[in-house]
Each structure stands twice: as C-alpha cells, then as structure tokens.
Amino acid sequence: MPCYRYEGLTPVVDPTAFVHPTAVLIGDVHVGPGCYVGPGASLRGDFGRIVMEKGSNLQDNCVMHSFPGQDARIAEDGHVGHGAILHGCVVGARALVGMNAVVMDGASVGEGSFVGAMSFVRAGFVVPPRTLVAGVPAKIVRELDDKEMGWKANGTRQYQELAQRCLASFEECAALSAFEPGRPEAKPIVAVPLHTLKADIKKKELGG
C-alpha cells in the first residue's frame with residue numbers, strides 16, 4: 001500500500017487488518033485489529049492523529065483527516081460507507097456513517113447511531129447514542145430499534161470477515177480476456193438492504 005512516514009511518524013497497521021493497496025496512509029495513522037480499509041481511501045495523519053479501533057471499517061474513496069491538534073477516530077465496530085468524509089470527528093462504537101456523508105470538526109456520532117447517506121453533520125454537533133440523524137444539515141430523526149441495530153451489526157461482521165478473506169486470498173493479477181465457462185460466484189453473504197428488511201417487517205405486522 002502507499003504508506004508514508006511524516007516528520008518521524010510512521011503509520012501503524014495491525015497484521016490482522018486489511019488495507020487495500022490503493023489506499024493511502026500518511027503519518028500518525030493507527031489501523032487496529034480486524035479493520036478493513038477500502039480502495040482509494042485516504043487517511044492523512046499530518047495535522048492530527050487518525051485512529052481506527054478494532055473491527056471498524058472505512059470503505060472505498062473515504063477521506064479521514066483532522067483539524068490541527070485534534071484526533072479523528074472510528075471506535076470499535078464503527079462502520080463508514082463509501083465516499084464518506086470524516087474531519088476531526090469521532091464516530092462512536094458500533095455507529096454507522098452512510099455513503100457520501102460528511103462529519104465535521106468536533107462532531108461526535110454517538111454509540112450505535114446512524115448518519116444517513118449524503119447527510120452533513122455540522123462542526124461540534126453531538127449525535128445522541130442509538131439515534132438516526134439525516135439531512136443537510138443533519139437533524140435528529142428518531143431512535144433506532146433493535147432490528148436496525150441487528151442489521152447494522154451483521155453488516156459490520158461482513159466487513160470484518162471480508163478483511164480476513166482478503167488477507168487470505170487477495171492478489172494482483174492480469175484480467176482474463178473472456179468470461180470462462182463454469183466460473184464460480186463469490187461466496188454468498190447473508191445480508192439484506194435496510195429498506196428490504198423494513199418492508200418485510202411492515203408486511204408481517206400487517207399480516208401479509
């Protein structure tokens with residue numbers, strides 16, 4: 001992976017974490033056990049420390065940076081969707097930041113909370129634990145229920161397993177020129193989109 005020492009600070013990656021070769025780590029970056037860092041992610045620890053705690057993930061094309069003198073942190077089992085930007089903020093344990101969301105300096109996403117896709121969490125905003133926030137700027141929508149928390153936990157487990165699968169089998173290769181007969185499919189993953197889960201629950205509640 002592109003990994004760069006900066007003013008004597010060398011990125012640290014736990015051997016059980018997977019960092020995609022196109023991700024970039026600079027300076028004071030700490031990637032903990034079982035983490036997953038996706039393609040094109042940028043973790044730039046030149047102004048402040050960047051920490052990914054155990055089992056967290058930072059997906060494709062995410063940016064993680066800090067305001068000078070502040071840390072940017074994803075706590076244990078935190079989950080950050082494709083294209084999100086985290087700047088000088090804290091994402092709490094088991095929290096989720098949706099795709100293309102932005103979380104600004106000094107903001108705190110509470111334990112087990114969800115930030116909706118494409119939301120903007122303004123500087124200093126505190127998201128209470130186990131709460132859904134969404135919008136531009138993000139506002140509190142409601143508390144999260146047990147089914148939503150279970151859905152999120154399953155998604156995070158899939159990324160923890162993906163990190164280990166990549167460590168075991170990931171390798172650069174040349175593309176094939178044609179689709180080979182009998183090509184196996186990727187290992188199936190037990191997961192459903194949140195909107196599908198909620199539709200199924202509603203249908204059952206209505207006796208369908």
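The sulfur of Cys-3 lies 15 Å from the closest cysteine sulfur, that of Cys-35, which is too far for a bond. In this predicted model, local features need pLDDT of at least 70 and side-chain atom pairs count only at pLDDT 80 or more, whereas totals for chains, interfaces and linings use all residues. Residues are numbered from 1 along each chain as its sequence is written, and side-chain values use heavy atoms, with hydrogens and water left out.

For Cys-166, the closest cysteine sulfur belongs to Cys-173 and is 13 Å away, again too far for a bond. The structure accordingly holds zero disulfides, a disulfide being a pair of cysteine sulfur atoms within 2.5 Å. Cys-3 is partly exposed, because its relative accessibility is 36%, while Cys-166 is buried, with a relative accessible area of 11%; here buried means under 20% relative accessible area, exposed over 50%, and partly exposed in between, with a 1.4 Å probe and protein chains only.

The protein has two helices and 20 strands, taken as DSSP runs numbered from the N terminus (helices H or I, at least four residues; strands E, at least two). The radius of gyration is 18 Å, close to the 17 Å that the globule rule gives for 208 residues, so the protein is as compact as a globular protein of that length; the radius is taken over C-alpha atoms, and the rule is 2.2 Å times the number of residues to the power 0.38. Along the principal axes, the C-alpha trace spans about 60 × 55 × 25 Å. Buried residues make up 40% of the 208 residues. Of the contacts (heavy atoms within 4.5 Å) with a separation of 6 or more, 16% are accounted for by residues 24 or more positions apart.

Several loops carry backbone features of note. A cis peptide bond, with omega of about -5°, joins Val-136 and Pro-137, and Pro-137 is found in the loop between β19 (131-134) and β20 (139-143). Arg-130, in the loop between β18 (126-127) and β19, has a positive phi near 50° although this residue is not a glycine, and at 33% relative accessibility Arg-130 counts as partly exposed. A positive phi, of about 65°, is also found at Arg-94, likewise not a glycine. Arg-94 is placed in the loop between β12 (90-91) and β13 (96-97), and with a relative accessibility of 36% this residue is partly exposed.
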